[in-house]
Amino acid sequence: MDQSNESDGEGATGSAPTGPVSRRRVLASVTTAVGASAVAGRASAKPPGGAGGAADTDGATRAEAWVETGVDTDGDGTPDRVHVRVSHPEGAADSERPPVIAIASPYHGEQTHGDATAEMYYDRSIAPAPDGDANGPATLGDPTAGGESGPTHSPIDGPATAYRWTERRYLPKGYAVARVSSLGTARSTGCYTAAGPPTVAALESVVDWFNGRATAYDAPEGGAEVTADWTNGRTGMIGGSALGELANGVATTGVDGLETIVPQSANVGQYGLFRSNGTPVSVTPDASEGMTDIGTWIQASNAKRPDCDRWTERAEAGQDLATGDYTDFWHERTFLTGAGAVDCSVLIAHAVDDPIVTPNNAADWYETLAARDVPLKLWLYEGGHRGPAGEAWERTLDRWWAHWLKDEDTGVMDDDPVTVVHGSRSATEGSMATYAEWPVPTAEPATVRFGSGGATRGAVTTSEPDPGTESLVDDPSTPATDLVAADESPHRLRYETPPLTESVHVSGRVVPSLSLSLDEPTVVSVALVEYGPYSADIVTRGWADPLNRPAYREYDTPLAYRQSLRESAPLPEDGTVRAEFPLQATDHVFEADSRIGLVVYASDSEFTLHPPGNRTVELSLADSGVDLPVAGGESTLTAAFAAEPTDTATESPAGTTTRTGTGTDTATETPDRSAGTSDGTVASTVVTDGDVTTDGTTSADGPGFGVGAALAAVGGLAGLLRRGGADD
């Protein structure tokens, strides 16, 4: 939990990992904490502990204010106020007035959603229910933590470190920096709503104040009026995870003066955080029987604000854990609905192996904004739930701010719109490529089918599938990592290609279309796996509720697809349903001598509900398939199949596997490696302890998606993002 209520704590910046290791070495272990970055604001108020503005030892003037909003979330009859701390170059009000970079965050106070206790969690040992059969929200559970705090992704000193880092970097460059406490957190009044409409509206008032259209005071109640006379009002917002979510939300208001946002590992509303294809998912990888839902976060964050209990009640009434349907509650919290109002530029940064804010959030947002010709860039990397790092990113960010907040000709918009960092979150430790569009220009869907033998190792083939059916028995107690690695198991169906003679680049969204027969309702999961000579690495995965009958390719936009998940229905008499849904978006190069695997299973112990009773799922081989968006299409995929495996892997001194391989796509490749690495190899080391980065994000050990070469980005053709280049 961030503890930067009154002072800005400094944390170790933490360098990117070094040392030899296999291609997706560590990323499967990087999870946890939410990151932070800068957000935009503009203020002129009293310094902490005094009136007016006071110059600090570094020549900056620091002040604070409470911006009056148009909402009253605690129902006390007075408008809520948002607390803003600002730093600006000394004398800014008397000379050239700077634009503002700011951090809006729910983590500045002593209480956050990370302080949830056992009784705030919901029982996940339930099965999906058809629409109308669920009797309100699931009962509160009692996870094995036994009264201790449950899973969290709150940052450790994240926002404070980000704020201080942003000050150090951008105050000397002529920017003001603001730290804004989200509604109902820290020294702001009101209630925490988890980026609900009132919170977004309150932050809009902050931008209005920067531009002289709202009122602020020098106290949370009463006080003297203060103005933001030190800024020109041009605002940029930046932030990681929940901080980036707030930036996304404010952008959908279309507020005048917001020039740009830089969301990092950020969701586009809460449905994309707590739900996937109609089924609830855990916001952090966790196998306990107590599941976090949005009601958990709201209750925990408002625990010290007794006037805010009704927000927990609203969340419990609207979240609908049993069905996972896309309801009006989720719809009003989905920023995709407000994309048409976005009137600022957007630089999206996201890790393709983020297990918390999953990559489809970035993909959905980029596709939706690209369809509306919003000025866009996408920066993709590996590193779990953390922000990007390295000099290449920092230089891009410098040029981005200067272009959009100062109208300087930096050439940043002349660069390729898509940047992908492979093997790390920093180009220094991996390699960086730029593309004109995403998925990569040569990507075409290759439909693969299943050959019998899934209990051990069935085939993935581009030829005719085998007839008949194969069955699995759900086992919520077995982690997906064990299921995909097992040579034999009744709890999953494993299919894989022959060994590859050359690398294969998968770029886009992998879409299974499965014909299933269920004896009772349960969750269905699919994992895309890279099988090496000594490893089984999950590249990406996805989860769905078959009762929603997801039919992804029938819808043209991410929002239209979400709307299709509003209703679930009982199983037909024969139990047969079709489920077509996207896995998390990815851009990954399968190396030569590896095999492409697809594993079908039911519940995912770390992410989904845990239906009781070990339910049976039957898969029709003849009527099922998976679309793989392959660079070069089906011909490239089949040409890479080998008759016999050839093992060219070598063991590194650390005991990890290092391979070499090249992709088949045209990209601008920029190797930027550390000393001691060789061409074609990525050097790194497994991260086992949390580290605080230069932008304030943190990481600790835990399961990740292990997505290898980065999720490539979107260059402007929105339809490509969802259909792998095919508009069928």
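Among contacts (heavy atoms within 4.5 Å) in the protein chain between residues at least 6 apart in sequence, 80% join residues at least 24 apart. The model is predicted: local features need pLDDT of at least 70 and side-chain atom pairs count only at pLDDT 80 or more, while totals for chains, interfaces and linings use all residues. Residues are numbered from 1 along each chain as its sequence is written, and side-chain values use heavy atoms, with hydrogens and water left out.

**Overall make-up**

- The protein chain has 13 helices and 36 strands; these are DSSP runs numbered from the N terminus, helices being H or I of at least four residues and strands E of at least two.
- Of its 728 residues, 64% count as buried, where buried means under 20% relative accessible area, exposed over 50% and partly exposed in between (1.4 Å probe, protein chains only).
- The protein chain exposes about 23,200 Å², and carbon and sulfur atoms supply 47% of that area. Accessible areas come from the Shrake-Rupley method with a 1.4 Å probe, and for residues only the protein chains shown count as cover.

**Strand pairing around β20**

- Strands pair if DSSP finds at least two bridges between them. Strand β20 (residues 458-461) runs antiparallel to strand β19 (residues 443-450), with two bridges joining them.
- One of the residue pairs here is F450 with its bridge partner V460 in β20.
- β20 also pairs with strand β22 (residues 493-496), in the parallel sense and over two bridges. In β22, Y495 is the bridge partner of G458.

**Disulfide**

- The count comes to one disulfide, taken as a pair of cysteine sulfur atoms within 2.5 Å.
- This disulfide joins C191 to C308, with an S to S distance of 1.9 Å.
- C191 lies in the loop between β7 (176-181) and α2 (197-210) and C308 in the loop between α5 (294-301) and α6 (309-319), so the pair ties together parts that are 117 residues apart in sequence.
- The torsion about the S-S bond of C191 and C308 is about -85°, so the disulfide is left-handed.
- C191 is buried at a relative accessible area of 0%, and C308 is buried at 1%.

**Nonpolar cores**

- A nonpolar core is a set of buried Ala, Val, Leu, Ile, Met, Phe, Trp, Tyr and Cys residues joined through side-chain atoms within 4.5 Å. The largest one has 60 residues, of which L258, V346 and W365 touch the most other members.
- Helix α2 gives the largest share of this core, seven residues.
- A second, separate core has 58 residues, including Y271, L472, Y552 and A640.
- Not counting residues up to four places away in sequence, L258 touches V207, T235, M237, V250, A251, D343 and C344. C344 counts as buried, at 5% relative accessibility.

**Helix α9**

- Helix α9 (residues 391-406) has 16 residues and reaches 21 Å from its first C-alpha to its last, close to the 22 Å expected at 1.5 Å a residue; the expected span is 1.5 Å times one less than the number of residues.
- Buried residues of α9 include W393, W400, W401 and W404.
- D407 follows α9 and has a positive phi, near 60°.

**Surroundings of N277**

- N277 sits in the loop between β12 (275-276) and β13 (279-280) and counts as buried, at 7% relative accessibility.
- Leaving aside neighbours within four places in sequence, N277 is in contact with W543, A544, D545, Y561, L565, F581 and P582.
- N277 and P546 are 269 residues apart in sequence and 8.9 Å apart in space, C-alpha to C-alpha.
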